[in-house]
Each structure stands twice: as structure tokens, then as C-alpha cells.
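Q: I'd like to go through the aromatic side chains in this one. Can you take me through them?

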Amino acid sequence: MEMIKATRPAMPDYGEYVKEIASIWETGVMTNNGDKVRRFRELLSEYLQIKNIDLFVNGHSSMVIALQALQLEGEVITSPFTFVSTTNAIVQSGLTPVFGDVDDSYNLSPESIESLITDKTCAIVTPHIFGIPCDIESIERIAEIYDLKVLYDGAQAFGTNINGNSIGRYGDITMFSFHAIKVFNSIEGGMLTYRDESLHRQFELYRNFGITYGESSSDVEVVGMNAKMNEFQAAMGIVNLPLHKNEVKKRKRIAQIYCERLKDITGINPYDYKLNIDYNYAYFPIKVTEEFGITRNELWEKLKEYGIGTRKLYDKLTCDYCYYKDRNYVRKTKYADKIKDITLDLPIYGTLTEKEVEYICDTIKKVGKANAFRNKPA
């Protein structure tokens with residue numbers, strides 16, 4: 001059997017993409033807020049039912065710009081169980097990360113947030129990790145009490161809804177990534193959704209070097225960057241967007257098979273999906289506990305031997321990377337320190353077949369049985 005990859009990008013029909021980009025050769029416009037970027041933005045606004053949307057070259061630039069546009073100062077409470085981009089964006093923006101703990105949803109714990117608030121705290125910046133929403137109701141209650149800004153890193157959460165509402169409707173700002181391996185992609189790309197429509201001008205400035213244009217000359221108002229989405233990215237987004245719901249539908253079916261086949265395997269614990277949430281099934285994380293007989297790392301190695309690619313997301317907390325670990329940042333990460341050692345992401349993408357999913361589950365069960373008594377005394 002060919003190696004089952006941990007992830008694969010969702011791609012449109014080749015001919016459809018070529019057809020969409022053909023007009024770029026006619027207009028000669030490849031960037032600088034061209035027709036396709038504007039059209040892509042309109043399609044996304046309609047699709048998500050969100051008015052305030054801006055597009056960028058990638059998700060990370062989007063988050064940096066969001067933080068800088070709000071002109072925050074001080075400490076930001078955040079999750080260490082995430083891709084390093086979240087922490088990098090905070091530090092790049094001149095802010096001090098304060099690392100909270102996570103709960104069983106893999107997300108930042110509201111109780112941890114409240115215990116870490118000081119007079120220096122200005123915001124909560126946290127991911128919806130694996131496309132699983134944070135406890136938004138509790139986080140926004142805390143933010144209101146302490147007058148804090150809330151920025152969600154929704155890089156992995158495009159298409160996730162709570163009670164029928166897009167995840168992008170919550171917080172002061174939500175960032176989305178359209179990187180190639182996301183459920184929905186525009187090759188690369190980023191998006192901000194936001195409450196305060198006056199932020200639009202700031203975002204336009206920051207993504208285009210801070211330049212303002214007058215009738216006879218230009219000027220620079222802020223220290224911006226080049227973070228404009230280009231026409232080729234937008235074209236990919238335009239042709240991929242109509243396919244998104246079907247991609248999520250396929251992933252949901254895969255998740256259902258996983259849940260059914262793994263539920264009786266001792267020591268393998270999938271996430272407990274909630275009925276009021278429409279997930280995008282960006283990832284399928286499991287916790288591999290000691291009852292399984294072997295560690296997460298050993299299972300990862302064993303599955304490779306059987307031709308199954310999985311990912312150890314995230315086996316190192318961001319506060320433990322060499323750049324951050326000796327900087328004396330405040331951390332309260334007791335459960336996160338455990339979660340990082342037991343979480344494994346199983347393959348999930350639209351082109352994964354049911355037969356392959358069943359093979360993965362059967363292999364996990366076989367490996368578990370073979371090691372069931374390894375740690376028991378003779």
C-alpha cells in the first residue's frame with residue numbers, strides 16, 4: 001500500500017483554475033488589490049455573512065497587522081499549545097506573552113486566563129486549535145469584565161460555526177489562514193474579520209507599507225509591510241470556495257468513522273464533538289494515554305512502519321522553543337505540558353478513502369493489542 005499521508009491540500013479542477021487566471025494576462029494586474037482580490041473578498045463576505053473582511057498575503061502577516069493596528073501595549077494572555085506563529089506575532093508586535101493552560105478541548109482554559117490577569121494585561125490572543133472553538137462565551141465574559149481586547153487565531157477554523165454563526169463573528173478580530181494544507185486554501189493567504197469597521201483603513205495602511213496617496217504625492221503614516229494578497233492567490237480561493245462545503249462533508253464522514261472505530265480502544269481518546277458546533281474537521285486529534293500500552297511517540301513510529309503518516313501536534317509548547325524558553329515569561333501550563341506528550345493527529349482530508357480510514361483504525365487496534373500487557377507486572 002502507498003504511504004497514507006498525514007495531510008493533503010484540497011485542490012480544484014486544474015482547468016477551472018487555468019480558466020480563472022487567464023484574465024490576469026489580459027489585464028496585466030497581478031497584485032495591488034486587483035479585480036480578483038476584490039471579488040474574492042465579496043464572495044467570502046457573502047459566504048460567511050460577515051461584512052467586515054480584509055485579505056492579506058498570509059495568516060501570520062494578518063495577525064501581526066491586527067495586533068499592531070490595535071496599538072496594544074503590555075501583556076497578552078495566550079495559549080502555548082499552538083503553531084509558533086501565534087507566539088511570534090505577539091512578540092513581533094512588541095507585546096509580552098503570558099502563557100496560560102489548556103483544557104480538554106486543547107484550547108486556552110478560561111480559568112487559567114482569569115488567574116493570570118494583571119494590571120499590565122491588554123488582550124487575550126488565542127487559537128481555535130485544530131478548528132475546535134475556544135470557550136468563546138467564557139472568554140468574552142472575562143474580556144468584558146477586565147476591559148480586554150480579544151483576538152482569535154482562527155488559522156485552522158475557517159468554516160467552523162457555533163449555533164449557526166461563523167467563528168469569525170466573535171472577538172474583536174479573528175484571523176484566518178488560507179495556507180495550502182488548510183481545509184480551505186488560496187495557496188497562501190490570510191483574512192481578518194472584525195467588529196469595528198474603522199479598522200479597515202488601518203489594515204489597508206499596514207498591509208501596504210503604511211503608504212497614503214494624495215493628489216500630487218504620497219506619504220507614510222505607519223510602519224507597514226508588504227502583506228497584500230495577489231491575484232493568483234485570489235483566483236485559487238475563488239475556484240476553491242464552492243468546493244468547501246463538500247470538503248467539510250467528506251471530512252465529517254471520516255471523523256465519524258474514526259469515532260466509531262476507535263471508541264472501544266482503551267487508551268485512545270478522540271475529541272468529544274459538541275452538537276451545537278458545526279466543525280470544519282481540520283484535524284482529527286486523539287489522546288494516547290498510558291492505558292494504551294505504548295506512548296504517543298511509539299505509536300507514531302509504529303504507524304509509520306505500517307505506511308501511515310501522522311503528526312505530533314504540538315509536541316513542544318511554544319514557550320519551550322529555544323528563543324522563548326529562557327526569557328522568564330510567565331507560564332501556567334500544567335495540563336498543556338501533559339497534552340503535548342499524548343496528542344496525535346490522524347490523517348484527515350477529503351480524498352482519504354473509507355478503506356484507508358478503516359485500515360488506520362484497525363492498525364491502531366492491532367498495535368494496542370500487541371502491547372496491552374507490556375506495562376503490567378508478571
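A: One term before we start: a residue is called buried if its relative accessible area is under 20%. Also keep in mind that this is a predicted model.

Q: Fine. Is Phe-178 buried or exposed, and why?
A: Phe-178 is buried, because its relative accessibility is 0%.

Q: And Phe-184, what's its relative accessible area?
A: The value for Phe-184 is 2%, so Phe-184 is buried.

Q: How many aromatic pairs are there in the whole structure?
A: A search of the whole structure gives 26. One of them is Tyr-106 with Phe-130, an edge-to-face pair with 5.1 Å centre to centre and 80° between the planes.

Q: Where in the chain do those two sit?
A: Tyr-106 is in the loop between strand 3 (96-99) and helix 5 (110-116). Phe-130 is in the loop between strand 4 (121-127) and helix 6 (136-146). They are 24 residues apart, so the pair links distant parts of the chain.

Q: Buried or exposed, those two?
A: Tyr-106 and Phe-130 are both buried.

Q: Back to Phe-178 and Phe-184. What kind of pair do they form?
A: Phe-178 and Phe-184 pair edge-to-face, at 5.1 Å centre to centre with 80° between the planes.

Q: Which cluster do they belong to?
A: Ring pairs join Phe-178 and Phe-184 with Phe-40, Tyr-47, Phe-158 and Phe-176 in a cluster.

Q: Changing topic: which residue lies over the face of Trp-300?
A: Lys-304 does, at 4.1 Å from the ring centre.

Q: And over Phe-56?
A: Arg-207 lies over the face of Phe-56, 5.4 Å from the ring centre.

Conventions: Residues numbered from 1 in each chain as written. Predicted model: local features only at pLDDT ≥ 70, side-chain atom pairs only at ≥ 80, totals over all residues. Heavy atoms only, no water. Phe/Tyr/Trp six-rings, centres within 6.5 Å; stacked < 30°, edge-to-face > 60°. Helix = DSSP H or I, 4+ residues; strand = E, 2+ residues; numbered from the N terminus. Buried < 20%, exposed > 50% of the residue type's maximum accessible area, 1.4 Å probe, protein only. Lys NZ or Arg CZ within 6 Å of the ring centre and 35° of its normal.
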